[in-house]
Amino acid sequence: MWLPVLLGALLWAVLWWLRDRQCLPASDAFVFITGCDSGFGRLLALRLDQKGFRVLASCLTPSGAEDLQQVASSRLHTTLMDVTDPQSIQQAGKWVETHVGEAGLFGLVNNAGVAGIIGPTPWLTQDDFLRVLNVNTLGPIGVTLTLLPLLQQARGRVVNITSVLGRLAANGGGYCVSKFGLEAFSDSLRRDMAPFGVQVSIVEPGFFQTPVTNLETLEDALQTRWARLPPATRACYGEAFLTTYLKVQARIMNLICDPDLTKVSRCLEHALTARHPRTRYSPGWDAKVLWLPASYLPASLVDAVLAWVLPKPAQAVS
């Protein structure tokens with residue numbers, strides 16, 4: 001009874017693997033990438049440049065753009081863009097249109113992102129959430145809407161970099177909220193653009209060593225916020241809470257943060273070059289082993305585990 005089922009599953013797996021490995025012919029198509037100052041964006045820009053793509057890379061800082069241009073070929077072009085500024089997005093959109101001309105834009109990779117303050121929600125303000133949402137959610141939405149006509153022209157592809165924390169909110173702050181929002185936008189965009197031949201993929205990395213996950217930056221932001229809390233709030237949590245919280249955060253980050261960024265760039269390349277790109281990619285061992293399985297578990301079980309891992313406020317109700 002089970003033999004036909006097993007053979008059918010094996011056949012399906014082989015066919016899926018063969019289909020997944022089919023690539024488009026080598027191309028010099030245009031690809032626009034945001035957030036190329038460092039991390040995933042910079043690495044992807046250089047890898048695509050080496051493969052012959054005509055990369056249009058946006059950076060936030062002049063130094064980031066200059067550094068990238070110095071190590072890339074003459075095919076790669078850079079521009080400055082702030083994804084939180086609609087005028088900057090419109091200017092970048094016109095710059096892209098000038099470069100691509102009648103060919104249109106084959107690929108858009110929304111990579112730019114920030115972490116913001118990661119910590120207990122009661123410590124945060126609405127502005128803390130808005131700053132992260134403006135970069136991680138509203139920014140990619142604005143860039144995508146601006147470039148959609150060029151993507152339709154080339155029957156191109158949109159690749160949005162979210163996070164496994166867009167599946168499971170493991171901490172407080174705007175980061176998880178922003179990634180959940182970008183996931184929702186990506187899903188609706190994929191369905192709406194399919195009739196026009198534009199494909200949309202989501203890359204949900206686990207924890208990697210990038211400027212977004214820089215431990216020192218995260219700790220400084222949380223310590224600064226702790227110092228600004230009302231005395232009554234600090235008394236509620238207790239002076240030892242922050243120290244313990246930072247130790248737990250450091251232990252987790254040091255344990256699971258992966259230094260090999262090529263695991264993410266390979267997924268991004270596949271989404272751009274495969275004949276049949278996947279809907280979702282989950283690079284990183286922690287994404288596959290920890291976060292994605294946990295996102296399907298009962299919320300009460302996940303809550304219990306996280307409550308056991310994280311410190312409790314001094315005045316917590318027992």
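**Exercise 1. Which orientation do α2 and α3 have to each other?**

Solution. Helices α2 and α3 come out as roughly parallel to each other, because angles under 35 degrees count as roughly parallel. This is a predicted model, in which local features need pLDDT of at least 70, side-chain atom pairs count only at pLDDT 80 or more, and totals for chains, interfaces and linings use all residues. Residues are numbered from 1 along each chain as its sequence is written, and side-chain values use heavy atoms, leaving out hydrogens and water.

Step 1: take the geometry. Helix α2 (residues 39–50) packs against helix α3 (residues 62–71) at an angle of about 25°, and their axes are 10 Å apart. Helices here are DSSP runs (H or I, at least four residues), and strands are runs of E of at least two, numbered from the N terminus. The axes are lines fitted to C-alpha atoms over the stretch in contact, with angles from 0 to 180 degrees between N-to-C directions.

Step 2: find the residues. Arg42, Ala45 and Leu46 of α2 meet Asp67, Leu68 and Val71 of α3, where contact means heavy atoms within 4.5 Å.

Step 3: sort them by class. The contact of α2 with α3 has 4 nonpolar, no polar and 2 charged residues.

**Exercise 2. Place Ser282 in the fold and decide: is Ser282 buried or exposed?**

Solution. Step 1: locate the residue. Ser282 sits in the loop between β7 (280–281) and α11 (285–295).

Step 1: check the accessibility. Ser282 has a relative accessible area of 17%, so Ser282 is buried (buried means under 20%, exposed over 50%, partly exposed in between, with a 1.4 Å probe and protein chains only).

Step 2: list the neighbours. Not counting residues up to four places away in sequence, Ser282 touches Glu204, Ala287, Lys288 and Leu292.

**Exercise 3. How many aromatic pairs are there, and which residues do ring pairs link into a cluster?**

Solution. Step 1: apply the rule. Rings of Phe, Tyr and Trp (its six-membered ring) pair if their centres lie within 6.5 Å; planes under 30 degrees apart count as stacked, over 60 as edge-to-face and the rest as tilted. The count comes to 7 aromatic pairs.

Step 1: classify one pair. Trp123 and Trp226 have ring centres 5.1 Å apart and planes at 50°, so this pair is tilted.

Step 2: classify another. For Tyr237 and Phe241, the centres are 4.9 Å apart and the planes at 65°, so the pair is edge-to-face.

Step 3: Ring pairs join Trp123, Trp226, Tyr237, Phe241 and Tyr245.

Key:
Angles under 35 degrees count as roughly parallel, over 145 as roughly antiparallel, 65 to 115 as roughly perpendicular and the rest as oblique. Ala, Val, Leu, Ile, Met, Phe, Trp, Tyr, Cys and Pro count as nonpolar, Asp, Glu, Lys and Arg as charged, and the others, Gly among them, as polar.
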